[in-house]
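Open the model in your viewer and keep the selection tool at hand. The tour goes stop by stop: what to select, then what is there.

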Amino acid sequence: MATALISQSSRTPWRNIASVCKNAAVFLDSNAAELLHWAGGLDMLGDCVGVYDVLTELSTVAKDFIATAPYCHVVIVVTSFLHGKIAERISRLLSDLQPLECHVFCSVSEGMHGEAFPVADSREPGEAPLSAGYSHYGEFQALMRKWINRESGVRASVSHIDLFHAEIFPGFLVIPSLHTLFPLMPSDISHLQTKLVEEGDLDTSLSDLASVHYALLPRQLQLAYKSVAIALNEFLETLDIREDIFSLGHTSRLIANQLAGLPEARARRKSAVQRASLMFLDCTLDLTASCSHPTDWLGEKVFSLPRLAPDSNDVSVSMTPVSAAVPGGVLPGCIAQPHSSSAQNLIRTIVCSRQKDVLMEISRCLLEALSQEGLPANHRGKMGKPSADLLRQFLEQFKSRSNAISSQREVLQLGCAVMQSLELTQGQHWDEIAAVEKSLQMPRNGTSVAQQLATLMQQQLTGGHTSFTLSELLGLAILMFSLLGNRSYLEAKEEEELKVALVTLIQAQRQCDEEFIRSLRIDNKLSKVHLEQRVEQIMDSLNTLTDTRAELKQFSETYTRGVPPYQPLLTQVMEAIFNPARPDLPDLTHHSYGLADMLKSGFSLFMSSARPRPSNHPLLLLFVVGGVSCADVRHIRDVVTSNKPDMQVIILTTQLLTPAAVVHKVMCVDHLNP
């Protein structure tokens, strides 16, 4: 089974790293720390003496502790180029500690370093050209010896390590090192055009995303897309897979082209035994589900808890229901439970099952845990209708019982997460946002969505409606503009009303929502004129959401007059793929990568040969660029279960999205410079 091999491949790199970690101080960047967290945590590193953030300055106590160890030994794991800020930090670290032994593991291949930093550019003008045997890793290793500055006896090495994915549960993978990657949007075209003009390209005119080719992208974005292709190739090599490549969406098409033409991938395909389909899809084609607040599902509520810093996917779970008060507070729990298959199945239940079913399963697991530990299952309330209060009663039976807590830690953390998510949403705020979402989707004669949103924003100032944050209001706008597509085009008057309402709201909420407003690149000292210009850009981002599906023929609509009015794009795509009638899929691009494929494509113009389909092989890898929500995962799994239960579908994505994360990605991030 592919899932078993994938689970194993997420842990194998850490076992290799652990082989040199005995008595070592280990330094990780945030992405490596998250990968370790989902792979098994500190237990994976064996007998290391401590784990530190590579980008954070060490305290004097920590420096003395490491430097005065009987054998000063350092291991560094990074998921970025050995260049710039990371290189400077490693330089200071090694100069301060002067270890006798240092091993650096980097997930960016040496070939990718050569692509990003050509040898000719890394030398001073006038120096002789380097030989063909130049090694970026070798040069960095020499620099490490220089930074350590010991006369002799220093062991230093730089190695490539295949750190790629974290497994939320079997069949659902996230890629932390790509969490900043987001599909290009039509609103990015003007910024890209400006960059081209600044670089002296006055001939290229960009009209839409289809006119944006790889060669026109900023160098940083080209490297990001190429890095995705190289990392995916290493992942497929681990699985011994030869893939058929498909894409839906502009950014997905660019990345798929890179993988199709990658020389290393061509070599892999010649010897690979297993067959699979790999489909890339842009999340921006449909952001409705990712911005929604469903009331009868629990996964969205659980993953909307505060983030477990610096993790971009896991959440911080309060463990106070089972822990006695201690000085300094109780350490938080989390969702990741890689050591327990039953706990991973429970995570799948939280993400994919209805709230009442999740509560029943969590209650059953807690009762079973109480029985195993010989603890009473005293409770008030009906077992047939479990609630947050009932879960708290079960959890409190474990309070201060350290042995029982240690033995049942996985289910206790997940139980606390479910209880906490219910308690945080019982104040009806979640339900009120959901009610507004539902109301906005109901057709109203004479009142546009823009007018309804403007009215909602104005009500925040007069106290005439439940108080929503600016982020929540922008999330409502993203949801509706993405849902309606070209149905939501605004008249000039409607757009002006929405702009005025947004400017007024930002001015009123500058103090109470300062952090989010700053993330929108709006400073407190910004004049009204400049604020209006920034709001104009925000409106551009909203307006261009209506164009993300403009080039699609089959999947251009997600809104109907039926019940329910929302038809998720992912559901439509998966149903079309698995349709036994095998209809044409005009919106999917099949990427040819070899002479045989090209000949097939050419002959198909004259013969009735069937076009390749993602359902042709027993394994489908679905890579959603930009992130997926819990609802997206459910939509995919429901279609597969209903239409082709014997097929394995592995979901890969760059981040697990919440409504707040979507607003940040759309409004606050420079998509041209991830």
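Contact here means heavy atoms within 4.5 Å. Keep in mind that this is a predicted model.

**Stop 1: a helix pair**

Select helix 8 (residues 219–239) and helix 9 (residues 250–260). Two packed helices are described by the angle between their axes and the distance between the axes. For helix 8 and helix 9, the angle is about 55° and the axes are 8 Å apart. Angles of 65 to 115 degrees would count as roughly perpendicular and those under 35 as roughly parallel, so helix 8 is oblique to helix 9. The crossing of helix 8 past helix 9 is right-handed.

Now show the side chains where they meet. On helix 8, pick Tyr225, Lys226, Val228, Ala229, Asn233 and Leu236. Their counterparts on helix 9 are Thr251, Leu254, Ile255, Gln258 and Leu259.

**Stop 2: serine 109**

Select serine 109, in the loop between strand 4 (101–106) and helix 5 (110–116). Is serine 109 buried or exposed? Its relative accessible area is 13%. Buried means under 20%, so serine 109 is buried.

Then look beyond the neighbours within four places in sequence: serine 109 is in contact with Tyr137, His160, Ile230 and Glu234.

**Stop 3: cysteine 72**

Move to the loop between helix 3 (60–67) and strand 3 (73–78), where cysteine 72 sits. Cysteine 72 has 3% relative accessibility and counts as buried.

Which residues touch cysteine 72, leaving aside neighbours within four places in sequence? Select Ile66, Ala67, Leu97, Pro99, Leu100 and Glu101.

**Stop 4: the nonpolar cores**

Select Trp14, Val418, Ile478, Met574 and Met667. In the largest nonpolar core, which has 148 residues, these five touch the most other members. Now colour helix 20 (residues 470–484): with 11 residues, helix 20 gives the most to this core.

Zoom in on methionine 574. Not counting residues up to four places away in sequence, methionine 574 touches Leu620, Leu622, Ile636, Val639, Val640 and Val649.

Finish with a second, separate core of 81 residues. Select some of its members, including Leu206, Leu209, Phe235 and Leu262.

Conventions
Residues numbered from 1 in each chain as written. Predicted model: local features only at pLDDT ≥ 70, side-chain atom pairs only at ≥ 80, totals over all residues. Heavy atoms only, no water. Helix = DSSP H or I, 4+ residues; strand = E, 2+ residues; numbered from the N terminus. Buried < 20%, exposed > 50% of the residue type's maximum accessible area, 1.4 Å probe, protein only. Core = buried A, V, L, I, M, F, W, Y, C linked by side-chain atoms within 4.5 Å. Axes fitted to C-alpha atoms, helices over the stretch in contact; angles between N-to-C directions. Parallel < 35°, antiparallel > 145°, perpendicular 65-115°, else oblique. Left-handed = near helix turned anticlockwise from the far one by under 90°.
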